[in-house]
Amino acid sequence: MGDSGQLYLYVTPAGGRHWRMNYAYGEPTKPGGRMPQKTLSLGSYPALTLRDARRKRDEAKITLAEGFDPPVERKMTAKARAIADGNTFEIVARRWHTLRKPNWSTVHAADVIESLENDIFPLIGDLPIRLVVAPKLLDVLNKVEERGAIETADRLRQRVSSIFVYGIAAGLCDTDRASSLGKALKKKPRATKQPSIIDGIEGIDRGKPDAPSPAALWRIGAARMKGDEDRKAGKAGDHLVPLAPEAVDLLRVVRRLSGDLPIVFLGERHAHRRCQRAP
């Protein structure tokens, strides 16, 4: 580290050059020790001239003399300006949500804003939308993935991307920072076949379709239910749904249409495939 307050050019491994300033700030780590040494980035050269770099250095020295840490003050100033201008990510996101809400169901609208409030706003909500960068977004989404919510992370990326698109149209930002993050996230698990009423019907005698069926039930295999591996492995973990007489009567009516085929709700084109909208 150079002398405190010294202005110098730092050359990055990629060859870029940035104006920097070393300074000391904070409480010593041990009695009689030195204050922690820090580095403040002032801007890239030659976009930032020597004159402007010196001006920024002098402003940072004034901030230090007042007892404040320059980077922290810079962020607080940016935050205050963003709030005053109404362009923090949270403010823009809530504006986007208000515009989209009339086109959504009540449940979906509540789910969208709740997901943003839980996972997005606490981490980037107070940042100006222009300053929300892709690496920061990826870090936020990775935290969601770490708790096993792979599909939630993907939905959040899509929602954040839509917010950026709105921000671009409103002139609040110029880039969708979330659009390219899909490939950086974990792949969504392959969808599995969900239990349906065409599976596991028991207690109805096909040979005597009109006979009483007091023991009729719908059996959903344990492997398709939530639970630990022990439950999924045994038949005792099956979920049993007793069928009311009205449900049995409905199945009998449908059976007259499907005949002896194994599927109750037939596909429009193929009798061996179920209807896509079957429950």
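**View 1. Helix α4 (residues 106-119) packs with α7 at an angle of about 95°, their axes 11 Å apart.** Helices here are DSSP runs of H or I with at least four residues, strands are E runs of at least two, and both are numbered from the N terminus. Axes are lines fitted to C-alpha atoms, for helices over the stretch in contact, and angles run from 0 to 180 degrees between N-to-C directions. Angles under 35 degrees count as roughly parallel, over 145 as roughly antiparallel, 65 to 115 as roughly perpendicular and the rest as oblique, so α4 and α7 are roughly perpendicular to each other. On the α4 side you'll find H108, D111, V112, S115, L116 and D119, and they meet T152, L156, R159 and I163 of α7 (contact means heavy atoms within 4.5 Å). Sorted by class, that's four nonpolar, three polar and three charged residues. Ala, Val, Leu, Ile, Met, Phe, Trp, Tyr, Cys and Pro go down as nonpolar, Asp, Glu, Lys and Arg as charged, and the others, Gly among them, as polar.

Before the next views, a word on the model. It's a predicted one, where local features need pLDDT of at least 70 and side-chain atom pairs count only at pLDDT 80 or more, while totals for chains, interfaces and linings use all residues. Residues are numbered from 1 along each chain as its sequence is written, and side-chain values use heavy atoms, with hydrogens and water left out.

**View 2. Helix α3 (residues 89-100) crosses α7 (residues 150-169) at roughly 90°, and the axes come within 9 Å.** That makes α3 roughly perpendicular to α7. From α3, the residues in contact are F89, V92, A93, R95, W96 and L99; from α7, they are R159, V160, S162, I163, F164, Y166 and G167. By class, this contact has nine nonpolar, two polar and two charged residues.

**View 3. W19 and Y45 make an aromatic pair across two strands.** Rings of Phe, Tyr and Trp (its six-membered ring) pair if their centres lie within 6.5 Å; planes under 30 degrees apart are stacked, over 60 edge-to-face and the rest tilted. By this rule the count comes to three aromatic pairs. The ring centres of W19 and Y45 are 5.7 Å apart and the planes sit at 85°, so this pair is edge-to-face. W19 lies in strand β2 (residues 17-24) and Y45 in strand β3 (residues 37-45), so the pair ties together parts 26 residues apart in sequence. W19 is buried at 7% relative accessible area, while Y45 is partly exposed at 35%. Buried means under 20%, exposed over 50%, and partly exposed in between (1.4 Å probe, protein chains only).

**View 4. W96 and W104 form another edge-to-face pair, 5.6 Å centre to centre with 65° between the planes.** W96 is buried, at 2% relative accessibility, and W104 is partly exposed, at 24%.

**View 5. A cis peptide bond joins Y45 and P46.** Omega is about 10°. P46 belongs to the loop between β3 and α1 (50-65).

**View 6. K186 sits in the loop between α7 and β4 (201-202).** K186 is exposed, with 51% relative accessibility. Leaving aside residues up to four places away in sequence, K186 touches E145 and I150.
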